[in-house]
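Open the model in your viewer and keep a selection panel at hand. The stops below go from one residue to the next, then out to the whole chain.

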Amino acid sequence: MISNNKAIDTMTVKDVKAAESKASETDTIDSLSQYLKSEAGTREGRAIPPLENWHPEQTTDMDLVIKANGEWWHEGGYMTRESLVSLFATILWKEENNGTVEYFLKTPVQKLRIHVEDAPLLINDVGIVNEGNENWLEFTTTTGDVVRLDDEHPITLRSYTSKNKEDITDNNNREEASQYVTAAAQIRPYMEVRNNLTALIGRNAFYHLTEIGELTEHDGETILTLQSGGKSYELSMPVG
């Protein structure tokens with residue numbers, strides 16, 4: 001049973017009013033952090049709040065950037081507190097209007113618009129989990145989400161245009177990871193996680209996938225076949 005991505009389905013009127021009284025201004029890191037910590041007591045573990053049920057009227061901009069390598073930066077400074085980043089990740093929200101995608105940190109009373117260079121989440125670990133008679137591929141993000149490969153959470157490949165030398169997938173080995181991005185023609189693997197949010201599958205995690213799965217070649221493409229939950233999933237990757 002996976003509890004990390006289990007959303008709370010209901011929120012009472014009393015809960016909303018209480019949240020509104022606590023969150024008069026959440027456009028700074030400290031105030032937003034204090035608000036989320038006060039609200040965390042109403043949820044079990046790291047359950048994702050019911051963001052789809054929140055319809056705040058106020059929208060403001062926050063100087064917060066999620067880099068293409070998964071790093072979070074606030075007002076030009078790298079956010080090193082992993083617990084704080086994981087906390088904020090629980091209220092990540094994506095909207096698409098007329099072909100324009102925007103990302104927010106969302107509370108019951110306010111949406112804080114942020115900038116996301118590529119994907120808002122980063123997967124850094126993958127393993128095989130046995131449940132009953134089935135083996136599942138289970139993925140974990142750097143901010144604590146856990147998701148399994150299935151029909152609702154597929155893996156896709158798409159191109160990404162790097163704008164910075166730091167736009168790589170492995171923070172621990174920037175030079176080697178940069179070579180990986182170039183060699184792969186900046187074709188990156190992504191996975192659906194929650195609330196229409198996608199996660200970039202980090203370099204080491206993806207290499208682990210190639211070891212777990214089966215690699216074959218057909219018509220100039222490398223086919224990676226993965227088994228999860230009794231089903232097969234294929235990824236077609238250009239050769240060279």
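Contact here means heavy atoms within 4.5 Å. The model is a predicted one.

Start by selecting F139. Leaving aside residues up to four places away in sequence, F139 touches I123, D125, V126, D145, V146, V147, L149, I155, M191, I201 and L209.

L105 and F139 have the most contacts inside the largest nonpolar core, which has 42 residues. Helix α3, residues 82–89, gives the largest share of this core, with 4 residues. In soluble globular proteins, nonpolar side chains tend to be buried together.

Now move to K106, in strand β5, which covers residues 100–106. Which side chain of opposite charge is nearest to K106? That side chain is E95, at 5.1 Å. A salt bridge requires a nitrogen-to-oxygen distance within 4 Å, and K106, although buried, has none. Select L51 as well: its backbone oxygen lies 2.8 Å from a polar atom of the K106 side chain. Show the surroundings of K106, and the residues touching it are L51, W54, P56, I91, W93 and K111, again without those up to four places away in sequence.

Finally, select the whole chain. Its secondary structure comprises 5 helices and 15 strands. Of the 240 residues, 44% are buried. Among contacts with a separation of 6 or more, 59% join residues 24 or more positions apart. Colour the surface by element: the accessible surface is about 12900 Å², and carbon and sulfur atoms account for 45% of it.

How values were computed: Residues numbered from 1 in each chain as written. Predicted model: local features only at pLDDT ≥ 70, side-chain atom pairs only at ≥ 80, totals over all residues. Heavy atoms only, no water. Helix = DSSP H or I, 4+ residues; strand = E, 2+ residues; numbered from the N terminus. Buried < 20%, exposed > 50% of the residue type's maximum accessible area, 1.4 Å probe, protein only. Lys, Arg positive; Asp, Glu negative; His and termini not counted. Polar contact = N/O pair within 3.5 Å; in protein donor to acceptor, adjacent residues only side chain to side chain. Core = buried A, V, L, I, M, F, W, Y, C linked by side-chain atoms within 4.5 Å. Areas by Shrake-Rupley, 256 points an atom, 1.4 Å probe, with all protein chains shown as cover.
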